[in-house]
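Hi there,

I am handing over the structure we talked about, and I would be glad if you could look it over. My notes follow below it.

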Protein chains: 2
Amino acid sequence: MKSFKFTIKKKIKDRLGRAGFIETPHGTIETPAFAVVGTKGTVKSLTIEDLKVTEAQVFLANTYHLYLQPGSKLVKEAGGLHAFTGWNGPMITDSGGFQVFSLGAAYGKNITKFVKGEDAKLLPEGKKEEEEVGPKIAQIDADGVSFRSHIDGSLHYFTPEKSIEIQHDLGADIIFAFDECTSPTESLHYQKEALERTHRWAKRCLKFHKENSNGTQALFGVVQGGRFEDLRRESAQFFGELDFDGYGIGGSFIKEDIATSVRWVNETLPPEKPRHMLGIGEPLDIFAGVENGCDLFDCVAPTRNGRTGTLYTKDGKINILNARFTNDFTPLESDCECYTCKNFTKAYISHLFRAKEMLAATLASIHNVYFLNKLMKDIREAIYEDRFDELKQQFISRYYEK
Amino acid sequence: MKSFKFTIKKKIKDRLGRAGFIETPHGTIETPAFAVVGTKGTVKSLTIEDLKVTEAQVFLANTYHLYLQPGSKLVKEAGGLHAFTGWNGPMITDSGGFQVFSLGAAYGKNITKFVKGEDAKLLPEGKKEEEEVGPKIAQIDADGVSFRSHIDGSLHYFTPEKSIEIQHDLGADIIFAFDECTSPTESLHYQKEALERTHRWAKRCLKFHKENSNGTQALFGVVQGGRFEDLRRESAQFFGELDFDGYGIGGSFIKEDIATSVRWVNETLPPEKPRHMLGIGEPLDIFAGVENGCDLFDCVAPTRNGRTGTLYTKDGKINILNARFTNDFTPLESDCECYTCKNFTKAYISHLFRAKEMLAATLASIHNVYFLNKLMKDIREAIYEDRFDELKQQFISRYYEK
């Protein structure tokens, strides 16, 4: 793929981490980078102009959601996601696998998950953690997965080819192979079975992509394997030998495992291709991911937290609805350069949340997304200046000391 | 008030209408102008940057709402509404009278209104037209009105002095005398009684303002009198003789009466002071108001309509949720210069509404507010170029022809 290129400029000494840049048909991403999530083709409560002031580099939209609403054929007709959404920078779509299994999935062999933990962030509005979402019927067969829409219960069938076809229609710069995203609590037996399926599907995705791509989209394979070292290494080995443009590292991670799992994978993957750690946005995990060789991250946390009044500061998260902020006439962070901090006080943001004004979500999301983008920028600078460990220690001790 | 000045530059031949500008401590308003409504200190779903791209000149916030939440003393402590909200342009607050009577008011002599029609636009979220709002206890006495908060039912008491004191704390450039806003369906007997009260209260507002103002706020008196010519002329005569900086024209108008009522008032008021037609935003009414000598207008309609998917076009209002827009890849209006029309299609906006995304309200509100600001700009230009009647006929025949 000639319009896609990853360049490593600097490595963290004695570690897997690196800084560099990814060139795409819609611009360059300085890495390591955070991709802001716009599930349905809009980063909730933000205009494209708002996004730009957060210094967002890259926008990740969800294939599953857009396929169901407004439909990938309609997005194609609109000229693709860039034209449809107005975001002209680098764009990513995921494979839909995670949502098919988390939102649509449930019964059938070994797929009787309730939606909880990390998965709960993907629940439709109004649904609570540990609540089943509609008729959760997903059946896996060798060819793909049939599932019911969480919107209207209609029946759909995703195959590897279908996922890629949808992503071709959506037209993002980076797309992902269709994978089975297992829960980290699944048995070794089930993980193995799922991993084999993911690998078979990956080959089919690659084949379909090579035969049908217009040459402007990079295809990433998704390494799975749960919390098992041999499976993770096997999966990384498998993917590394295939002609993908980059790699995703998937799976709902268990906190304690993150650094280790990622290290197994990235020690095995070819170093010259970019790696996206899927669904990760907690600062501690970002540091672990970067240190162990990940280049891209994405998470709904900054916007989801923002909408409920949880704001990021260098001293940790705060709940702006706390009574002490009602008459606090200082910005969220006195040294933050974001639009929200440069123009508004905690008292005003607190008022907006209490008055249930939509601007509350907007100002909070701008700050939180900027906060993560700034963190990534600081990490890049620290890598270039050989002080990654110093930054990591400083940031983490302040952010988590409470 | 030295920092406040109204200049008439051009009149409509043989009519009361005029174009000019109002200088305020926070900038100049080209008149006739539309004031965008930001009830609780935010124009719903818009950032200040969004507001600027709508070419908004002036921001009207509601005294009643801000007094209850977050409290006018807190806004004062924040440095006033300009500092609190980040809007640095001209700002208006109303007297709170309209909401006290519409939202808080109910029983007592002749004040047993249900909330419906025009008033319904002021209902708290979730409340329906013709539904009573909480314990509707408002008692009028010679000194003022006691009422219960629509938020928590707490008891409050507004006097003319209290209304002005609150508006001094809020710090808008233009503030209003406390008035009793009667329904146009009230009897002549009641209208007379209410009007006398409004006049007594106006004098008290003026006195309190003169004794307590810091000299940066202009005070407008509010002419009332319902649909009765003698009362309207009497009220305009009364106010015209007092030293107000300008005038509001109040009352829930009956459609057929608008032009006539306003003409009675403006034939009587001193021509050299600006006049604000309160709560009016329908294009037909704006033309009637301008033609009959009004300089300022305000209404929640463009943002309220926007949030429910009703979009303004030169061919009348459209409901973007209509099925035919789901695959319409053209802008709302091909010749509109607003942010929404320059960047997004009907299909995308339709998708945002169907997906219940907050950006839907933002993009729709930007367009609708821009639409009204552009209409006012066109009206001003038409007045300057002696073609007001031509514009009025063209606009109205196209907008209302359906």
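Two residues count as being in contact here if their C-beta atoms, placed from the backbone, lie within 7 Å. Please keep in mind that this is a predicted model.

With that cut-off, which residues does B:Phe59 touch? Leaving aside residues up to four places away in sequence, its contacts are B:Ala35, B:Val36, B:Gly38, B:Val43, B:Trp87, B:Gly89 and B:Met91. B:Phe59 also stands out in the largest nonpolar core, which has 223 residues: together with A:Phe59, A:Ala35 and B:Ala35, B:Phe59 touches the most other members. Helix H14 of chain B, residues 358–384, gives the most to this core, with 16 residues.

H14(B) also lies across strands S1, S2 and S3 of chain B, and runs at about 120° to S2(B). Those three strands form an open sheet in the order S1-S2-S3, with antiparallel pairing. At the edges are S1 (5–11) and S3 (27–31) of chain B, each with a single partner strand, so one side of each has no neighbour in the sheet. From one strand to the next, the twist averages 15°. S1(B) and S2(B), the latter covering residues 18–24, are antiparallel and joined by six bridges.

Now to the contact between the chains. How many residues does each chain bring to it? Chain A brings 35 residues and chain B brings 35 residues. On the side of chain B that touches chain A, at least two residues each come from helices H1 (48–53), H3 (72–77), H4 (81–85), H13 (346–354) and H14 of chain B. H13(B) gives the most to that side, with five residues. Sorted by class, the side of chain B that touches chain A has 13 nonpolar, 13 polar and nine charged residues.

Let me know what you think when you have had a look.

Best wishes

Methods: Residues numbered from 1 in each chain as written. Chains lettered and ligands numbered in written order. Predicted model: local features only at pLDDT ≥ 70, side-chain atom pairs only at ≥ 80, totals over all residues. Core = buried A, V, L, I, M, F, W, Y, C linked by C-beta atoms within 7 Å. Buried ≥ 20, exposed ≤ 12 C-beta atoms within 10 Å, placed from the backbone. Helix = DSSP H or I, 4+ residues; strand = E, 2+ residues; numbered from the N terminus. Nonpolar A, V, L, I, M, F, W, Y, C, P; charged D, E, K, R; others polar. Pairing = 2+ DSSP bridges. Axes fitted to C-alpha atoms, helices over the stretch in contact; angles between N-to-C directions.
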